Amino acid sequence: MSVLTRDEAQTRAGLLDVHRYTIELDLTTGDETFDSRTLIRFSARADGDTFVEVRPAELRSVTLDGQPLDPEALDGNRLPLKNLTAGEHELRVHAHMRYSRTGEGMHRFTDPTDGETYVYTQLFMDDVQRVFAAFDQPDLKAVFELSVKAPEGWTVLANGVTEHTGDGLWKAAATPLISTYLVAVAAGPWHSVRTEHRGLPFGLHCRRSLAPYLDNDADELLDVTRACFDRYHEKFDEPYPFDSYDQAFVPEFNAGAMENPGLVTFRDEFVYRSAVTDTERQTRAMVVAHEMAHMWFGDLVTLKWWDDIWLNESFAEYMGYQTLTEATRFTDTWTDFGVNRKAWGYDADQRPSTHPVAPEAVDDTASALLNFDGISYAKGASALRQLVAWLGEKDFLAGINTHFTRHRFGNATLADFIDSLAGATARDVHAWADAWLRTTGVDTLTPHLAPGENGTCALTVDRTGSRPHRIAAGLYDRDLGDDGGHLVLRERLHLDLPQTGAHPVGKRPALLLLNDGDLSYAKVRFDPESFETVRKDLSGLPEPLARAVVWNALRDAVRDGELPPAAYLETARAHLPLETDLAIVQGVLAFASTYITDRYVTPEQRPAALATLSELCRDLIRRTEDGDNPGLRLIAVRHRIDVAAHPDTIAAWFADGTVPGGPELDPELRWRVLARLAVLGATDEAAIAAELERDPSATGQEGAARCRAALPDPEAKARAWEAMFGSDELSNYLFTATAQGFWQPEQADLVRAYVPRYYTDAVDVADRRGPAIAEAAGRWAFPAHAVDAENLRLGEECLRDAAPIPALRRKLVDQLDDLARALRVQPGQEV
């Protein structure tokens, strides 16, 4: 398949105007393929040659202006259109298209719970050509008219309101001008909850087997949807630009969600079958808010080319968190962003694969796909939060609204956006954009307190990096009350960096916290006295967002080799039992278990690290025995299971079906326990099969695959490896589940021979199965537990000699950089 280059897209956009697509899909032709007929009305501005993209199982016929074209002329995914004359044209393409099992194009899924089948599209970037023929680039917007023939009993959803006209035929209302990648169809025997808001139809949809779980949460989901919808109408002058708002929760979805106009698709793990924390509900609500923001940022005004991904994602990310905070009960969203989402950006920005938030040029679609990462989302949103702090929200929103007015139903670039902002303020936003959006890396801010007269001191801040920052510096004193251990905010200094001189702070504070409030994007360090206060009194900081900044600083210090991993665990052991914010507890435990115990300590140190985390989780479980904080208890139980070094306790929970004092083991907890028992060699195939019979759902199938791959048995490992790399039968989700179970630090000797095999087999499966499986193979199937120089050497050799496809190459680059970092952090290791 040929990927589209920026130059090709610019040439084609200069030649063509695309007016309208009329698309007919027939989903009744079998389990492997569906029928696709496309009529494209377009005009050429001059005589010339171009091409249309299509990736058929079989190309049946093509006509241009009534004259047949040879289907054999199809070259990969490109059908040449030669000798076009200036003027109007009609292109008709009839093809059989193949259903996907990897979440790309038209994904087909049969629910193991009840045997019902569902299909849905994910056309992002360049997968529209898997469903219908198209001039597939974002700046050739058009009107789309869609009709779908579906089996009896199915409902068809699309970008516009759909109508069943009889005999299984559904017709969708014509769209306004939208880009090809935003066209959406979802068909199947959906369970739907429908309502109206502000005169528009709203709907929630899921598989029938998930109906009771969606019904349980429908009020919450619709309340969040309505609240965000109303808040966006207060912020934006342009009204919601489409005729309906459906949210479909679909199976085996590769992303968190996709902003298709009028039909947002979400991964259906957001329809909760098992208990979740309020922070997880907040995360779901944030995704709802994020995708709705895209109706303006991305759908109404769309990037011209993929170098401006940030115009979509950074804005939706920022608006999602900010609007959720303003409009719903979830008022602490920036704490979750700071301790969890932001770390994603910091990590990505310190790898060799880093890139500017707004790159100067992205050469092709394959390169662009790699940039949907922590930089385009978390760093970009952080930059916008800093922009609002510097510019003021009033001028920021004025610039945004100018941008919408100028480019509605069109395409825009970074330069267009900055020009819109510049018209709303006297500040030099062009210089700001150059400093923040065109550069890479994370600045580091280090405070220095110089003593003065009468016990006073003055603050200077060293900055490694080049960006200007507007930050707050929090001055905290110890509370001298009876209970002690608490810190009281004395003052927040507002600083513009770089400084022009030292800033007086009065008497030395117990803690000086840079970037208090987390309004900028930078790593922060502590002066020695402040670090001692952090070690002793971190949990005494009064605001969760301040504690999140501190925990991020400690995390960065571990990753940079400045803080021993054991010291991080000791700090967590001391302060996490007193933590009240669930996002912080979850974030700290996730880093401790995923990175510290599995990568940053030596195998000899790992049992002690696991024991520390196990004791910490026991403290949290004891603290929540009164039932007042079920979310905290659930987090503690989950992590107690994950770090269990011996099977007895969790095996007893599994046998009893409950944790003493609660919670009862729901399906998620049962599969979690069984997976850990499999790692520890304390269960077998019979128990896994029995649990799958108890829970035959899609989630159960994934749980069984994960458990089977985790069994410490040579034959089980061989079967799992063959399923992942020798066969193409696994769906994207079953591949991921199998990969998650396969590598375990406790089984390093058992799987040692598979480490060199990974680098050849991953390249092969990525070549065969494409970007989605390549990404999964690089993310989940990588032997991250093998923190040794030989694994690093094998990976570097693969990058040098094996030419993995871009999606896998990018993942390997990142994984190997993380591996090299772990080698530097681990005591006694050499890179």
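A residue counts as buried when its relative accessible area is under 20%, as exposed when it is over 50%, and as partly exposed in between, with a 1.4 Å probe and protein chains only. By this criterion strand β10 (residues 143-149) is mostly covered, since five of its seven residues are buried. The model is predicted, so that local features need pLDDT of at least 70 and side-chain atom pairs count only at pLDDT 80 or more, while totals for chains, interfaces and linings use all residues. Residues are numbered from 1 along each chain as its sequence is written, and side-chain values use heavy atoms, with hydrogens and water left out. Helices (H or I, at least four residues) and strands (E, at least two) are DSSP runs, numbered from the N terminus.

**Strands and pairing**

- Two strands are taken to pair if DSSP finds at least two bridges between them, and strand β1 (residues 16-26) pairs with β10 in the parallel sense over seven bridges, with Tyr21 standing opposite Phe144 in β10.
- Strand β10 is also joined by four bridges to strand β13 (residues 169-172), the two running antiparallel, and here Ser147 stands opposite Lys171 in β13.
- Elsewhere, five strands form an open sheet with mixed pairing, in the order β15-β16-β17-β19-β18.
- The edges of this sheet are β15 (191-197) and β18 (257-258), and because each has a single partner strand, one side of each is left without a neighbour in the sheet.
- Within the sheet, strand β16 (residues 200-206) and strand β17 (residues 245-250) pair in the parallel sense over four bridges, and the bridge partner of Gly203 in β17 is Asp246.

**Helix packing**

- Two packed helices are described by the angle between their axes and the distance between the axes; the axes are lines fitted to C-alpha atoms, for helices over the stretch in contact, and the angles run from 0 to 180 degrees between N-to-C directions.
- The axes of helix α8 (residues 393-407) and helix α9 (residues 414-422) come within 7 Å and cross at roughly 130°, which makes α8 oblique to α9, given that angles under 35 degrees count as roughly parallel, over 145 as roughly antiparallel, 65 to 115 as roughly perpendicular and the rest as oblique.
- The contact of α8 with α9 (heavy atoms within 4.5 Å) includes Phe396, Ile400 and Arg406 in α8 and Phe417, Asp419 and Leu421 in α9.
- The residues of this contact divide into four nonpolar, five polar and four charged, where Ala, Val, Leu, Ile, Met, Phe, Trp, Tyr, Cys and Pro count as nonpolar, Asp, Glu, Lys and Arg as charged, and the others, Gly among them, as polar.
- Helix α24 (residues 771-779) and helix α26 (residues 806-825) pack at an angle of about 15° with their axes 8 Å apart, and they are therefore roughly parallel to each other.
- In this second pair, Pro771, Ala774, Glu775, Gly778 and Arg779 of α24 meet Ala807, Leu808, Lys811 and Gln815 of α26, a contact with four nonpolar, two polar and three charged residues.

**Covered positions**

- Helix α7 (residues 375-391) is mostly covered, with 16 of its 17 residues buried, and just after α7, Gly392 takes a positive phi of about 95°.
- Lys342 lies in helix α5 (residues 333-349) and counts as buried because its relative accessibility is 1%.
- Not counting residues up to four places away in sequence, Lys342 touches Phe337, Ala378, Ser382, Asn515, Asp518, Ser520, Tyr521 and Asn552.
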